[in-house]
Amino acid sequence: MKTLAIACLILVLTGNLFAQNKFGILTYQIPDHWEVAEVSGNLVLFNPANPGCRIAFFPTTQTIIDTEEEFLELGSQKINELGSQNFTQYPVEKIEQEGWIIFRTLIAHNNPQYNLIFMITLSNSNETTGFLYEANSGACNDEIMQVLSILDIQPTSEPTVQDPTKPQPKGKAQPMKDLRRMAEPQKGKGKGKN
């Protein structure tokens, strides 16, 4: 009987370790020693032992971010909501792939203190989601890349927004997995502006 009880407890604990969580169209896992908080509607995963190490997922909205101006406006809003610091604005990169319009930028990189803030949005013809991460060390950046390696995005199957004034992504949005390559800042993409 004890053996059965111990086996059930191990099964429950193991299931919780690998539990998948949903936030809009995002499916994510929480690292072992991290915690979760809601900040102004954003879902923030953070390392309580290192407050400068966090990733904030934006709520899914039924809008399309398709211009650099809209992306930067959202970035300014999120930086204010999350109380992040804005040191330097680097060039914005726009990518269109697999039915998604993707914008990304390095918002701040303040070496030698190693303070990195990076933002990305993903829009399809129905919705937009995104995230902003802050890393204050190489180890923190590695932990965030681990979170992103198991992040999945499942687009809504039915169209919810049909705005003829907005350019539509090419093709139907495909599910995305492992966003590390999308989230790693591109070196040499410009010198940035103050």
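This is a friendly conversation about how some features of a predicted model get their labels.

Colleague: What makes Cys-53 and Cys-140 a disulfide?

Modeller: Their sulfur atoms are 2.1 Å apart, and the cut-off is within 2.5 Å, so the pair qualifies. By this rule the count comes to 1 disulfide. The link of Cys-53 and Cys-140 is right-handed, with 100 degrees about the S-S bond.

Colleague: Which parts of the chain does the pair of Cys-53 and Cys-140 tie together?

Modeller: Cys-53 lies in strand S5 (residues 50-61) and Cys-140 in helix H3 (residues 138-149), so the link ties together parts that are 87 residues apart in sequence. Both Cys-53 and Cys-140 are buried.

Colleague: Let's turn to the rings. How many aromatic pairs are there?

Modeller: The count comes to 4 aromatic pairs. One of them is Tyr-28 with Phe-57.

Colleague: Why is the pair of Tyr-28 and Phe-57 called tilted?

Modeller: The ring centres of Tyr-28 and Phe-57 are 5.6 Å apart, and pairing needs centres within 6.5 Å. Their planes are at 40 degrees; under 30 degrees would count as stacked and over 60 as edge-to-face, so the pair is tilted. Tyr-28 sits in strand S2 (residues 26-28) and Phe-57 in strand S5, 29 residues apart, and the pair links distant parts of the chain. Both Tyr-28 and Phe-57 are buried.

Colleague: And what makes the pair of Phe-57 and Phe-131 edge-to-face?

Modeller: Here the planes are at 80 degrees, with 6.3 Å centre to centre. The angle is over 60, so the label is edge-to-face. Phe-57 lies in strand S5 and Phe-131 in strand S9 (residues 128-135), so the pair ties together parts that are 74 residues apart in sequence. Tyr-28, Phe-57 and Phe-131 form one aromatic cluster.

Colleague: How do you know that Phe-131 is buried?

Modeller: Phe-131 has a relative accessible area of 1%, and buried means under 20%, so Phe-131 is buried. Phe-57, with 0%, is buried by this rule too.

Colleague: What makes S9 largely enclosed?

Modeller: In S9, 8 of the 8 residues are buried, so the strand is largely enclosed by the rest of the structure. Both faces of S9 are covered: Thr-128, Gly-130, Leu-132 and Glu-134 are buried on one side, and Thr-129, Phe-131, Tyr-133 and Ala-135 on the other.

Colleague: Which strands does S9 pair with?

Modeller: S5 and S9 run antiparallel, joined by 6 bridges, and in S9 the bridge partner of Phe-58 is Gly-130. Strand S8 (residues 116-123) also runs antiparallel to S9, with 8 bridges joining them. A hairpin of 4 residues joins S8 to S9, and Phe-118 stands opposite Tyr-133 in S9.

Colleague: Why do Arg-54 and Glu-134 count as a salt bridge?

Modeller: The closest N and O atoms of Arg-54 and Glu-134 are 2.7 Å apart, and the rule asks for within 4 Å, so the pair counts. Arg-54 is in strand S5 and Glu-134 in strand S9, 80 residues apart. Arg-54 is buried, with a relative accessible area of 15%, and Glu-134 counts as buried at 10%.

Colleague: How many salt bridges does a search of the whole structure find?

Modeller: There are 4 salt bridges. Among them is Lys-78 with Glu-81, whose closest N and O atoms are 3.3 Å apart. Being 3 residues apart in helix H2, Lys-78 and Glu-81 are separated by about one helical turn.

Colleague: Is Glu-81 buried, exposed or partly exposed?

Modeller: Glu-81 has a relative accessible area of 23%, which lies between the 20% and 50% limits, so Glu-81 is partly exposed. Lys-78, at 6%, is buried.

Colleague: What puts the buried residues of H2 on the same side?

Modeller: The buried residues of H2 are Phe-71, Leu-74, Gly-75, Lys-78, Ile-79 and Leu-82. They cover an arc of only 140 degrees around the axis, which puts them on the same side of H2. On the other side, Glu-69, Glu-73 and Asn-80 are exposed.

Note on methods: Residues are numbered from 1 along each chain as its sequence is written. This is a predicted model: local features need pLDDT of at least 70, side-chain atom pairs count only at pLDDT 80 or more; totals for chains, interfaces and linings use all residues. Side-chain values use heavy atoms; hydrogens and water are left out. Helices (H or I, at least four residues) and strands (E, at least two) are DSSP runs, numbered from the N terminus. Buried means under 20% relative accessible area, exposed over 50%, partly exposed in between (1.4 Å probe, protein chains only). Rings of Phe, Tyr and Trp (its six-membered ring) pair if their centres lie within 6.5 Å; planes under 30 degrees apart count as stacked, over 60 as edge-to-face and the rest as tilted. Two strands pair if DSSP finds at least two bridges between them. The arc is that of the directions from the helix axis to the C-beta atoms. A salt bridge is a side-chain nitrogen of Lys or Arg within 4 Å of a carboxyl oxygen of Asp or Glu.
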